[in-house]
There are 2 protein chains.
Amino acid sequence: MARPDPHPAPENVSDAPLRALVGYQMKRAFNVIQADLTRTLDPFGLRMLTYSALALIVENPGLRPSQLAHALAVERANVVVYVDQLEEAGWVTRTPALGDRRAYALQCTLAGRRLYERAQKVVHAHDTRMLNGLSEDETATIRKALAQMEQQT
Amino acid sequence: MARPDPHPAPENVSDAPLRALVGYQMKRAFNVIQADLTRTLDPFGLRMLTYSALALIVENPGLRPSQLAHALAVERANVVVYVDQLEEAGWVTRTPALGDRRAYALQCTLAGRRLYERAQKVVHAHDTRMLNGLSEDETATIRKALAQMEQQT
DNA sequence: TATTGTTATACTCTATAACTATA
DNA sequence: TATAGTTATAGAGTATAACAATA
C-alpha cells in the first residue's frame, strides 16, 4: 500500500516572514515601479537613469560629469555611459570646461530640452498614478521615511 | 579681454525636479538599503534573493520551484540559479516530487535551517535599524503604501 | 496542447581597478 | 600627489526564447 507523499506541494505558500520586512516590501514595490517606469519611458528612448541624468543637465547647465555622478549617487565611471548615450542621441553636448582642461561642461541641446519636457509629463503622471489612493499625509510620511532610510547607513 | 566662462560649473546642483518624484526617492533609498543588506548577509554566504528563497523553502517544505518563482515574483528561469547555489552550499535539496515527474520538492537541510535562523536575526536587526526613528504609525503607513504600490499596475 | 524545470542569452545597474591628462 | 574623465571588467538582477520531459 502506497504511503502518502512525504513532500506534498504546499497549497498556500507562506511568505509572512519575508513580508514582515519593510526592506522586502520595498524591493517588491520598487521592482514593479521600475518595470512600469521603464515601459513608460521606452517610447522616448530613455530609461530611469538617462532620464534622471538628462533632468539634471537640463536644470544645471554646465554641470560637470563628476557633479552629475555625485547628484545621482553613482560612480563617475557609470555616468560616462549615460552621457555617451544622451550625446549620441543628440540631446546633450560635452564642451571643454574653461579653466580646467580635465573637465567638461554638460549642456542639453534644444532637442534634449524638448524631449525632457515631454518625458517629464509622463513621468510625473506615472508618479501620481503610483501614489493613487494615498492621502497627502500618507504621501508626506512616505517621503520623510524614504529620505531618512537613504541617510541611514 | 577674456569673456566670462559661458558654462561655469553650477555651485549648487539642483535635483529638486527629481526629488519631487517618490519613485526617484524609492530608488535612492532602495539602493542604500540593498547595499547595506548585501554587506549584512555576506558573512553568511547569502544575498537578498538567496536569503528570500531559503526563507520560503524553510517555511514551506516541499515547495516547487515554480511556486518559489511565483512567491518571489521572478521568472522560473532565475529561480534555477538561486536553488543551484543553495543546493551546492548544502542548505537545500531537490527531491523528485511524487505524482508529477516533471516537478521537484524543495527542502532545506538541517544546516540550511540553522543558517536561516542565524541570518534571520541579523536581517531583522537590519530592518529595524532601517526604520530607526519612525513611529509605529509611520511604519504602518509605509507598509500600506508599499503594498499598494506593488499592486498598482 | 500546456506545464515544469532548464539552458542560453541579453540588457541593465552598480562597483572597482587602472589609465591619461591635467591640476 | 590628487583629481577629472575614461576604459575595462565583473557581479548581480531581471527578462525572454527555446528545449526536453511530462501532464
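Contact is taken here to mean heavy atoms within 4.5 Å. The structure is a predicted model, in which local features need pLDDT of at least 70 and side-chain atom pairs count only at pLDDT 80 or more, while totals for chains, interfaces and linings use all residues. Residues are numbered from 1 along each chain as its sequence is written, chains are lettered from A and ligands numbered from 1 in the order in which they are written, and side-chain values use heavy atoms, with hydrogens and water left out.

Chain A contains seven helices and two strands, where helices (H or I, at least four residues) and strands (E, at least two) are DSSP runs numbered from the N terminus. Read from the N terminus, the order of these elements is α-α-α-α-α-β-β-α-α. Chain A is more spread out than a compact globule, because its radius of gyration is 22 Å, well over the 15 Å that the globule rule gives for 153 residues. The radius is taken over C-alpha atoms, and the globule rule is 2.2 Å times the number of residues to the power 0.38. Along the principal axes, the C-alpha atoms of chain A fill a box of roughly 85 × 40 × 35 Å.

Of the 153 residues in chain A, 46% are buried. Buried stands for under 20% relative accessible area, exposed for over 50%, and partly exposed for values in between (1.4 Å probe, protein chains only). Among the contacts in chain A with a separation of 6 or more, 53% are between residues 24 or more positions apart. Chain A carries 18 positive and 17 negative side chains, with the centres of the two sets 5 Å apart. In this count Lys and Arg are positive and Asp and Glu negative, while His and the chain ends are not counted; each charge is placed at NZ of Lys, CZ of Arg, CG of Asp or CD of Glu.

Between the two chains, 72 residues of chain A are in contact with 72 residues of chain B. About 6600 Å² is buried between chain A and chain B, and carbon and sulfur atoms give 62% of this area. On the chain A side, His7(A), Met149(A) and Glu150(A) lose the most area to chain B, together 9% of what that side buries. Buried area is the accessible area (1.4 Å probe) that two parts lose on being put together, summed over both.

Helix H4 of chain B (residues 65-72) has buried residues at Gln67(B), Leu68(B), Ala69(B), Ala71(B) and Leu72(B). The buried residues of H4(B) pack against helix H2 (22-41) of chain A, and also against helix H3 (48-59), helix H5 (76-88) and strand S2 (104-108) of chain B. Just after H4(B) comes Ala73(B), with a positive phi of about 60 degrees. Most residues other than glycine have a negative phi. Ala73(B) lies in the loop between H4 and H5 of chain B and is exposed, with a relative accessible area of 53%. In chain A, Ala73(A) sits in the loop between helix H4 (65-72) and helix H5 (76-88). Phi of Ala73(A) is also positive, near 60 degrees, and Ala73(A) is exposed at a relative accessible area of 54%.

Glu59(A), in helix H3 (residues 48-59) of chain A, is partly exposed at 35% relative accessibility. Apart from residues up to four places away in sequence, Glu59(A) touches Tyr116(A), Ser14(B) and Pro17(B). The C-alpha atoms of Glu59(A) and Leu18(A) are separated by 40 Å, and the two residues are 41 residues apart along the chain.

Thr139(A) belongs to helix H7 (residues 136-151) of chain A and is buried, with a relative accessible area of 13%. Not counting residues up to four places away in sequence, Thr139(A) touches Leu131(A), Leu134(A) and Val22(B).

His126(A) is part of helix H6 (residues 110-130) of chain A and counts as buried at 3% relative accessibility. With neighbours within four places in sequence left aside, the contacts of His126(A) are Ile33(A), Asp36(A), Leu37(A) and Thr40(A). Gln85(A), in helix H5 of chain A, is partly exposed at 32% relative accessibility. On the basis that leaves aside neighbours within four places in sequence, Gln85(A) is in contact with Arg47(A) and Thr50(A).
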